[in-house]
Amino acid sequence: MNILITGGAGYIGSHTALLLLDKGHTVTIIDNLVTGSKKNIPKKAKFYNCDIANKSKITNIIKKNNFHVVLHFAGLIKVEESFKLPKKYYLNNYTKTKFFLDICIKNNLNNIIFSSTASVYGKKKLKKNFSENDKLAPSNPYAKSKYKVEKYLKKKLRKKQINFII
């Protein structure tokens, strides 16, 4: 399987890439290295240093490859920072992701795995397990930016434009 990973220079993205490569898949990573590190990128992965909102580069990458799925890990992740810079988190985690997903859809890359966060459930009393049926109540700008992407994906699914897993 030919897999595109955004945010593949970060902790989760790079470890996912390693696992997929070990399983025999082809992996391409897109990362702008704002929070990730080039040293995390597996040597067997193809790497593009670019922002997910760079329309021409992203379009070219998707067109040059026949990706089966995109795993979207790119984004800012510091909850405390998100309180200080909520517009930055909205731009990076929601607006740029929405733009990126639209490029994917336009180029027939319609299978998406989105890495969200448990913080979309809000400040609930800690319990052992959460359910996808639990009420969503994001309580910080970071969680709100992820929640907006979840809503956007669901909207695209209703229009039968994508397949996705959150």
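What is the volume of the second largest pocket? In this predicted model, the second largest pocket has a volume of about 270 Å³.

Sorted by class, its lining comprises five nonpolar, two polar and four charged residues.

Let me turn to the largest pocket, whose space amounts to about 540 Å³. Its lining consists of 27 residues, and those closest to the centre are Thr35, Phe73, Ala74, Gly75 and Ile77. Which elements give two or more residues to this lining? They are helix H1, residues 11-22, strand E2, residues 26-31, helix H4, residues 86-106, and helix H5, residues 141-158. In terms of class, the lining of the largest pocket has eleven nonpolar, ten polar and six charged residues.

Two of those elements, H4 and H5, also pack against each other, at an angle of about 20 degrees and with their axes 8 Å apart. H4 is therefore roughly parallel to H5, the angle being under 35 degrees. The crossing in which H4 passes H5 is right-handed. On the H4 side, the contact is made by Pro86, Tyr89, Tyr90, Asn93, Tyr94, Thr97, Lys98, Leu101, Asp102 and Ile105. H5 contributes Pro141, Tyr142, Ser145, Lys148, Val149, Tyr152, Leu153 and Lys156. By class, this contact of H4 with H5 has eleven nonpolar, three polar and four charged residues.

H4 has a further contact to consider, with helix H2, residues 55-64. How do the axes of H2 and H4 cross? They come within 10 Å of each other, and the crossing angle is roughly 40 degrees. H2 passes H4 in a right-handed crossing. From H2, the residues involved are Lys55, Ile58, Thr59 and Ile62, which meet Phe99, Phe100, Ile103 and Cys104 in H4. The residues of this contact divide into six nonpolar, one polar and one charged.

To close, I return to H4: this helix gives two or more residues to the lining of the largest pocket, packs with H5, and meets H2 through Phe99, Phe100, Ile103 and Cys104.

Key
Residues are numbered from 1 along each chain as its sequence is written. This is a predicted model: local features need pLDDT of at least 70, side-chain atom pairs count only at pLDDT 80 or more; totals for chains, interfaces and linings use all residues. Side-chain values use heavy atoms; hydrogens and water are left out. On a 1 Å grid over the protein atoms alone, a cavity is a set of points where a 1.4 Å probe fits but cannot get out, and a pocket is an open set with protein on both sides within 12 Å along at least five of seven lines; lining residues have an atom within 4 Å of a point. Grid points are joined across faces, edges and corners, and a volume is the space filled by probe spheres set on the points. Helices (H or I, at least four residues) and strands (E, at least two) are DSSP runs, numbered from the N terminus. Ala, Val, Leu, Ile, Met, Phe, Trp, Tyr, Cys and Pro count as nonpolar, Asp, Glu, Lys and Arg as charged, and the others, Gly among them, as polar. Axes are lines fitted to C-alpha atoms, for helices over the stretch in contact, and angles run from 0 to 180 degrees between N-to-C directions. Angles under 35 degrees count as roughly parallel, over 145 as roughly antiparallel, 65 to 115 as roughly perpendicular and the rest as oblique. A crossing is left-handed if the near helix is turned anticlockwise from the far one by less than a right angle, and right-handed if clockwise. Contact means heavy atoms within 4.5 Å.
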